[in-house]
Amino acid sequence: MSAIKFETSDGFTIQVERETAVVSKVVKNFLEYHPTDKCTFHLNCVDNATLRKVVEWMRHHKDDAYIETESDESDEERSQDVSIEMDPWDANFLNEDLFFLLDILNAANFMKIKVLFKNCCKKIYLMSKGKSSVEIKRLLKERCDFTDEDLQRIANKYEWMARVN
Amino acid sequence: MSRLNERAISENQSNQCSKSDSLETSNAQSEESDLLSCLNDDLIAELFSYLNATDLLSLRLVSKAIKIKSERKLKSIKKRLKYGLIPEREKLNFLTRFYTNVNEIELTYCDELNLLETICILKQNLQQINYLRLDLYYKDNDLLQISKTFPDLKHLEVNFWESEYIKEENISLLLLGLSSLEAIKFSNYSNNNVFISGFGSQVIKAIASLHYIVDLTFTQMFISGNHFSSLMKAKGKHLKCLRIVYSEKLVDASLFLQEIFNNCAILNSLHCAFYDSTIVNLKSVNIPSLTDVYLSFGRLTLSMNFEKLESVENLTLCSTQSKDDEFARILSCFPNVKYICLRLGYSIDIYNITYKAVSNLKNLRKLKFMSYTEKDFFNVKEIVSAAQRCVDFNIDEVWGTLSDSKFTTLLEVFENLANERSNEVIKLRFKGKRTLPRSLPENLKLSFIN
């Protein structure tokens, strides 16, 4: 059986069965143009822990027929209402801290795994929606570089900008 | 590896947070900040696109960098501005300068609104307004001012709330001043006729004189059969989109629909809701451009030489009194339809001939059932099993009153279907959250929507 290898940014190598690896659009496209049994993909921006997590996801979803077609569920469906439809397995799988989720999101984007990418976005959306700016600041661990005066000024506008929306 | 260490730190931090909030904030600022900096701008934009405007507004207060990004997103998504209920000049001025991409305006009239001043500000700050919605309690003079200020308007939507303020000639003057109009939407939300004389000849003439009009919507606007005929004769051949909605029985329904089929040769989308009306002996020639059809009626019978509408892909049918063979006949006129939404009144008597017609739809992939009562679902099972190529089902139970036992029965239909067609993935959407009685077949993907 053929196997595909991934080399992570921190120097680990993970071997993955072909049918799992092709869940990644990058791998799939590469193999279509360069048919081979053995090859190694260098993932410069994916570390070991993240890749293990991503591979676990790919393995679980490797047989899903809809993985390919999901992308035609156009954006228009999303804009109506961010429907938080998510496979319960995925929802549970993505119960991670935000920092790790961002790593997975980056990896899914890099490896072109659309469904995982979307589900990460949804998960992060769920973590941040309806939160106050203070809560978001805490969530993102963002340093606030506004002066109190700035904050007051921006906050004053908030109320009636929210009203026109 | 450094990432891992950082993660350990961050976990450590969040453990501490739960003990003390103040400690957490200071930690976050001193040891680690800016979680989003590991993402590139495109990814951040993608993430932000899931947020609604209120969340994006909250983000403005987080930091300078995030303020810039969230404002960029806010500006790009904001196309429509609603204004009027609490008019304040200074705010309107700020908003129209901030949301520079706005090209759609909704104006609601209230006593304190100075319409002249408002449209001056709009005109000055927003160069590309092409859509205007008016909720009308307007005085007649105001309407003329609008057509003078926005002569290039492409879409006009007028909602009539109180009829006594409006004179028909002023609406027709408004229309005559807007010669670039492509779409008109008139909706009547008052209990009376908008114009004492009905939707009269002056307005019809004004619409007929508009050169670019391709999209018409009339909701509860009472138009006489004669006027509608002359409108269709004048404009039907240019229309791409036509929507007519009546919530009461319409005596002229047959005439209306027949005029549409006689005149509208390049229509893309047709939406006719004639609740409970009877339409008899409808004749048609194929409209090759027609892709979307919504028909709501009591009964509809088609003439013997009704041509099939081969190009229609999306079809919604609502009927309360159709007979089995009539309904089957209607379905068979849309042979290439990909998506069907059905709303069948419980009084409808739909059986084998209709199931056969459903099974003849070779391209049907998506099927939606809309219901207002449990009885509407009585033949879901038969229709679903007739739709042999359909893989995407949607149960939209409008009032959310379906009992658990009925839900279980419905679910069983799809479980059996998934088991029978085990090599296909069957999607099922259900309105409202339910608890599952048991685990589902692997290939049945059930999701709940709000």
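**Exercise 1.** What percentage of residues 36–67 of chain B is helix, and how far apart are the end C-alpha atoms?

*Solution.* Begin with the ground rules. This is a predicted model, in which local features need pLDDT of at least 70 and side-chain atom pairs count only at pLDDT 80 or more, while totals for chains, interfaces and linings use all residues. Residues are numbered from 1 along each chain as its sequence is written, chains are lettered from A and ligands numbered from 1 in the order in which they are written, and side-chain values use heavy atoms, leaving out hydrogens and water.

Next, read the stretch: 59% of it is helix and 0% strand, with 13 Å between the end C-alpha atoms. Helices (H or I, at least four residues) and strands (E, at least two) are DSSP runs, numbered from the N terminus. Finally, look at the record: an unreviewed UniProt entry places "domain: F-box" at these residues of chain B. Such annotations may be inferred rather than shown by experiment.

**Exercise 2.** Find which helix of chain A has the lowest mean pLDDT among the elements of that chain.

*Solution.* pLDDT is the predictor's confidence in each residue, from 0 to 100. Chain A as a whole has a mean of 81, and 83% of its residues reach 70 or more. Over residues 69–82 of chain A the pLDDT is below 50. Where pLDDT is low, the predicted coordinates should not be read in detail.

**Exercise 3.** Work out the strand order of the three-stranded open sheet in chain A.

*Solution.* The order is β2-β1-β3, with mixed pairing; strands pair if DSSP finds at least two bridges between them. At the edges are β2 (13–17) and β3 (38–42) of chain A, each pairing on one side only. Then follow one pair: β1 (residues 3–7) of chain A and β2(A) are antiparallel over five bridges, and Ala3(A) has Glu17(A) as its bridge partner in β2(A).

**Exercise 4.** Decide whether helix α12 (residues 253–263) of chain B is mostly covered or uncovered.

*Solution.* Count the buried residues (under 20% relative accessible area, with a 1.4 Å probe and protein chains only). Nine of the 11 residues are buried, so the helix is mostly covered. Among the buried ones are Phe256(B), Leu257(B) and Ile260(B). The buried residues pack against α11 (225–235) and several strands of chain B, including β7 (241–246) and β10 (292–297).

Technical notes. Contact = heavy atoms within 4.5 Å. Buried < 20%, exposed > 50% of the residue type's maximum accessible area, 1.4 Å probe, protein only.
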